[in-house]
Amino acid sequence: MSNKQCRWGFFGTAAIARKNWKAIRLSGNGRVAAVASRTADRAQTFIDECNDEYPAGCDVSAVGSYEGLLERDDVDAVYIPLPTGLRKEWAIAAAAAGKHVLIEKPVANNSSDAAEIIAACEDAGVQFMDGVMFDHSERLAKVKQQIGDGTTVGKLRRINAHFSFAGDAEFQKSNIRVDSVLETHGCLGDLGWYCIRFILQANGLVMPTSVSARTLTPLQGENSPHCVPGEMSGELIFPDGVSAGFYCSFLTENHQRVSVSGDKGYIAIEDFVLPFYDSMAHWTTSSNTLEIDNCRWNFRRETVAHSIPEYASGEANSQEVKMLRTFNDLVLSGKRDPLYPELAIKTQRILDACRKSDVSDGRPVQP
Ligand SMILES: NC(=O)C1=CN([C@@H]2O[C@H](COP(=O)(O)OP(=O)(O)OC[C@H]3O[C@@H](n4cnc5c(N)ncnc54)[C@H](OP(=O)(O)O)[C@@H]3O)[C@@H](O)[C@H]2O)C=CC1
Ligand SMILES: O=C1CO[C@H](CO)[C@@H](O)[C@@H]1O
């Protein structure tokens, strides 16, 4: 291993890998060493296009097979943004080859597969992390402090999370997200994963005692053998009177809102996954008051706007760059952080419970 930079190998040429190509370059402690694709030409085209826009600053090898990536001794860590249904074998093989694993979300088709991947990483002594970028945002850290400060929210009661975008006709026909083999969880895996993750983060990683969820609209891509959830809602019940709801959809236009409410007020973020294009990350805290005096009813807005310097993406302090920098630090230090496997497996267990509840008409399920 290089003593200064974590050397990355990419599985496939996914669209999201382009963002992380740049993030690795900006991290300062990592570099892309190789990109593997099912065809060498595609790997080379990906490298050329990324280099044109954001030069890697080093030679990057094009590899014509995924197996080929695992044989390389110039790769310390692999990034696996393959479709979810194809990841497990490569993640386990990568760990067995001694490579650290950054895997996209949702981690796997189910929580026992996710547990197998995590166990393979533990056995091999390599770091495991999923690709949730907002886990690394400083905004999330600040919001969590406010949730716990006893005054902004007070006693936590309710968390709501909504993540949606309206996929066009082409998306609904051919995107991997509507193919039950490639992305079996549809919008739940793609968008609900973030809702569940935020809910866990906001409530101190406490697991719910009961989960119910329903697919509101199924979708089926043209080559997909089965439907996947295209629009879904769910309800999570926690100990101590805390509850949470989520809604995720491929049919409802861009909306990425979370709110965290307690007996003293609430916190809201309007762009919790992909922050709005800006050099600052924003959120609000509110403790609105209702004043009633005979015929006069005044509901007073008492909202405070907060922001911190954190670019939305593509800069040295953006959340995805912090994710890569943190991962690189772990690899280079030889330490492993058990928080990341914990976050992933808890999210996947709740996701499993949602699917189980969904097939029994929304019956509550214990995750
Ligand atoms: N963390 C985040 O912010 C984001 C995460 N994601 C997650 O990343 C994953 C990938 O998403 P996205 O970038 O849109 O994916 P793409 O459809 O752009 O790419 C998927 C890649 O997987 C490889 N692949 C291997 N086998 C297949 C197959 N049978 N069908 C299709 N592709 C195959 C291909 O690479 P090749 O042909 O070169 O081998 C392809 O480029 C998703 O699970 C998604 O949830 C997506 C966007 C953002
Ligand atoms: O993870 C992701 C981030 O957001 C996108 C939508 O805007 C998703 O489709 C994607 O998979």
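What pLDDT does the chain average, and what share of the residues score at least 70? Some notes for you, starting there.

1. This is a predicted model, and the chain averages a pLDDT of 98, with 99% of the residues scoring at least 70. For the complex, the predictor gives an ipTM of 0.99 and a pTM of 0.98.

2. Have a look at the largest nonpolar core, which has 100 residues. Phe11, Val35, Val101, Cys195 and Ile199 have the most contacts inside this core. Helix α8 (residues 186-202) supplies the largest share, 11 residues. The core lies between domain 1 (6-134 + 319-338) and domain 2 (136-316 + 346-359), because both give residues to it.

3. Phe11 is worth a click of its own. Leaving out residues up to four places away in sequence, Phe11 touches Ala36, Tyr66, Leu69, Val78, Tyr79, Ile80, Leu82 and Trp90.

4. On to ligand 1, which is surrounded by 20 residues. Gly12, Thr13, Ala14, Ile16 and Ser37 are the closest. By class, the shell around ligand 1 divides into 10 nonpolar, 5 polar and 5 charged residues.

5. Finally, ligand 2: the residues around it are Phe165, Asp190, Val273 and Leu274. Its shell has 3 nonpolar residues, no polar ones and 1 charged.

Technical notes. Residues are numbered from 1 along each chain as its sequence is written. Chains are lettered from A and ligands numbered from 1 in the order in which they are written. This is a predicted model: local features need pLDDT of at least 70, side-chain atom pairs count only at pLDDT 80 or more; totals for chains, interfaces and linings use all residues. A nonpolar core is a set of buried Ala, Val, Leu, Ile, Met, Phe, Trp, Tyr and Cys residues joined through C-beta atoms within 7 Å. A residue is buried if 20 or more other C-beta atoms lie within 10 Å of its own, exposed if 12 or fewer, and partly exposed in between; C-beta atoms are placed from the backbone. Helices (H or I, at least four residues) and strands (E, at least two) are DSSP runs, numbered from the N terminus. Domain bounds come from an automatic or database domain assignment. Two residues are in contact if their C-beta atoms, placed from the backbone, lie within 7 Å. A residue is near a molecule or strand if its C-beta atom, placed from the backbone, lies within 6 Å of it. Ala, Val, Leu, Ile, Met, Phe, Trp, Tyr, Cys and Pro count as nonpolar, Asp, Glu, Lys and Arg as charged, and the others, Gly among them, as polar. pLDDT is the predictor's confidence in each residue, from 0 to 100.
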